[in-house]
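Good morning, everyone, and thank you for making time for this.

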Amino acid sequence: MALVEGNNGVSGGAVNFNEEQEALVLKSWAIMKKDSANIGLRFFLKIFEVAPSASQMFSFLRNSDVPLEKNPKLKIHAMSVFVMTCEAAAQLRKAGKVTVRDTTLKRLGATHFKYGVGDAHFEVTRFALLETIKEAVPADMWSPAMKSAWSEAYNQLVAAIKQEMKPAE
């Protein structure tokens with residue numbers, strides 16, 4: 001796997017993700033991983049609950065009569081995005097940078113650029129991700145520190161995607 005080089009939105013190229021944050025992400029991801037398909041779908045349903053018009057950004061959802069929660073393409077996409085996000089978060093400290101294949105990152109950047117994804121979309125997605133994780137882990141596990149750890153990991157991934165947001169080559 002090629003690692004994404006660059007600063008990922010952090011000065012000097014170093015990712016500011018400490019051992020405590022890593023431990024919180026790893027602990028929660030270990031619990032969620034077993035049910036990532038369902039949790040991923042809940043993540044996307046939360047996005048569409050907060051921003052219903054966001055569903056129109058997905059070609060496979062436009063003009064679909066299938067309810068969102070039953071849409072097989074959404075289920076596959078949601079699980080893929082959720083797992084990639086969580087795996088990138090889990091590897092952030094050890095790798096010192098976002099570890100998504102550079103070809104995947106370029107594709108993500110180009111796709112997000114093509115569909116006009118902006119800061120507001122990333123904010124809705126952050127909110128939905130944090131709420132979904134909060135609901136997916138045991139209540140006594142969720143804490144301000146865990147929220148902060150996941151938020152920082154998400155920020156790093158978004159920064160890496162934004163660096164690649166340009167027309168496809």
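Before I name any neighbours, let me say that contact here means heavy atoms within 4.5 Å. Please also keep in mind that what you see is a predicted model.

With that in hand, let us take Phe-44, which, once its neighbours within four places in sequence are left aside, is in contact with Phe-58, Leu-74, His-77, Ala-78 and Val-81. Is Phe-44 buried or exposed? Its relative accessibility is 5%, and because buried means under 20% relative accessible area, Phe-44 counts as buried.

Now to the rings themselves. In general, a pair of aromatic rings is described by the distance of the centres and the angle of the planes. For rings to pair, their centres must lie within 6.5 Å, and by this rule the count comes to 7 aromatic pairs. One of them joins Phe-43 and Phe-44, with 5.3 Å from centre to centre and 75° between the planes, which makes the pair edge-to-face. Phe-43 is buried as well, at a relative accessible area of 2%.

How far apart are the ring centres of Phe-43 and Phe-82? They are 6.1 Å apart, and the planes stand at 55°, so this pair is tilted. The pair links distant parts of the chain, since Phe-43 belongs to helix H2, residues 36–50, while Phe-82 belongs to helix H3, residues 72–95, and 39 residues separate the two. Phe-82 is buried too, with a relative accessibility of 0%. If we step back, we find one aromatic cluster formed by Trp-29, Phe-43, Phe-44, Phe-48, Phe-58, Phe-60 and Phe-82.

Some of these names come back when we turn to the nonpolar core. The largest such core has 47 residues, and those with the most contacts inside it are Met-32, Phe-44, Phe-48, Phe-82 and Trp-150. At least two residues of this core come from each of the helices H1 (19–32), H2, H3, H4 (102–114), H5 (119–136) and H6 (144–163). Which helix gives the largest share? That is H6, with 9 residues.

Not counting residues up to four places away in sequence, Ser-28 touches Val-137, Met-141, Met-146 and Trp-150, and you will remember Trp-150 from the list of core residues with the most contacts.

Glu-22 is also found in helix H1, and at 15% relative accessibility this residue counts as buried. Apart from its neighbours within four places in sequence, Glu-22 is in contact with Phe-17, Ala-90, Arg-93 and Lys-94.

Finally, Met-79 has its place in helix H3, and with a relative accessible area of 34% this residue is partly exposed. Met-79 and Phe-44 are 35 residues apart along the chain, and their C-alpha atoms are separated by 9.1 Å. Leaving aside neighbours within four places in sequence, the contacts of Met-79 are with Ser-36 and Ala-37.

Key. Residues are numbered from 1 along each chain as its sequence is written. This is a predicted model: local features need pLDDT of at least 70, side-chain atom pairs count only at pLDDT 80 or more; totals for chains, interfaces and linings use all residues. Side-chain values use heavy atoms; hydrogens and water are left out. Rings of Phe, Tyr and Trp (its six-membered ring) pair if their centres lie within 6.5 Å; planes under 30 degrees apart count as stacked, over 60 as edge-to-face and the rest as tilted. Buried means under 20% relative accessible area, exposed over 50%, partly exposed in between (1.4 Å probe, protein chains only). Helices (H or I, at least four residues) and strands (E, at least two) are DSSP runs, numbered from the N terminus. A nonpolar core is a set of buried Ala, Val, Leu, Ile, Met, Phe, Trp, Tyr and Cys residues joined through side-chain atoms within 4.5 Å.
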